[in-house]
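Subject: Structure for you to look at

Hello,

Here is the structure I said I would pass on. Please open it first, then read the notes below it.

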Amino acid sequence: MQIGDKVIHPRYGVGTIGAIEKRIQDGECRSYYVIPKPSICSTIFVPVDAADELGLRPVSTPDTLNEAIRILSGDMDEPSVEGGLRNLCWNDPLELAGAIRRVASEPKSRYPKVSEQHQLKRAKKLLAEELSVVLGMSEENITALIERAPVVERGPNTAAHWA
């Protein structure tokens, strides 16, 4: 990854690498990706040598996100994840789409677990942000897709269908 690349952080969402800085921490010099996040009025510093371990990755390709749309819309089977949201891979938009679809299709619990509601909200936010940035989808259409509300059809099941 290099300066100018759009990346997604599993906790903070999509950003653009603004710089790579060297900093001394605990007497050790390390390189950091500097990712400004105006939406949270902050800047994220991710150690270059630990970026993979922390889950920083380039944003997905349009093909991958179109596949996620097909999972959300029910046109494709979702990947199975043992243990539900607890074992979810936050780096995989297909797993996020599958988890969102699975939860939407399960019977609603009278007393849902707060931690699961929080994880579902986070999964929806990450996937929505990536769909918006990569495919240019409107917030309204992303919300309709993720919440499984009907959307007026415009053609075959592609990103253009939801945009």
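How many nonpolar, polar and charged residues does the lining of the second largest pocket have, by class? The lining has three nonpolar, two polar and six charged residues. In this count Ala, Val, Leu, Ile, Met, Phe, Trp, Tyr, Cys and Pro are nonpolar, Asp, Glu, Lys and Arg are charged, and the others, Gly among them, are polar.

Two notes on the source. This is a predicted model, in which local features need pLDDT of at least 70 and side-chain atom pairs count only at pLDDT 80 or more, while totals for chains, interfaces and linings use all residues. Residues are numbered from 1 along each chain as its sequence is written, and side-chain values use heavy atoms, with hydrogens and water left out.

The pocket

A pocket here is an open set of points on a 1 Å grid over the protein atoms alone, where a 1.4 Å probe fits, with protein on both sides within 12 Å along at least five of seven lines; lining residues have an atom within 4 Å of a point. The second largest pocket has a volume of about 310 Å³, the volume being the space filled by probe spheres set on the points, which are joined across faces, edges and corners. Its lining includes Lys121, Lys124, Glu139 and Ile146. Helix H4 (114-135) and helix H5 (139-146) each supply at least two lining residues, and H4 gives the most, with six. Helices (H or I, at least four residues) and strands (E, at least two) are DSSP runs, numbered from the N terminus.

The hairpins

Strands E3 (residues 19-25) and E4 (residues 28-37) run antiparallel, joined by seven bridges; two strands pair if DSSP finds at least two bridges between them. Lys22 stands opposite Ser31 in E4. E3 and E4 form a hairpin with two residues between them, and Asp26 in the turn has a positive phi of about 55°.

E4 is also joined to E5 (residues 42-47), antiparallel, by six bridges. Tyr32 has Pro47 in E5 as its bridge partner. This hairpin has four residues between its strands, with Cys41 in the turn at a positive phi of about 50°.

The open sheet

Three strands form an open sheet in the order E2-E1-E6, with antiparallel pairing. Its edge strands are E2 (13-16) and E6 (57-58), each pairing on one side only. H4 packs on this sheet and touches E1, E2 and E6, contact meaning heavy atoms within 4.5 Å.

Regards

How values were computed. Axes fitted to C-alpha atoms, helices over the stretch in contact; angles between N-to-C directions.
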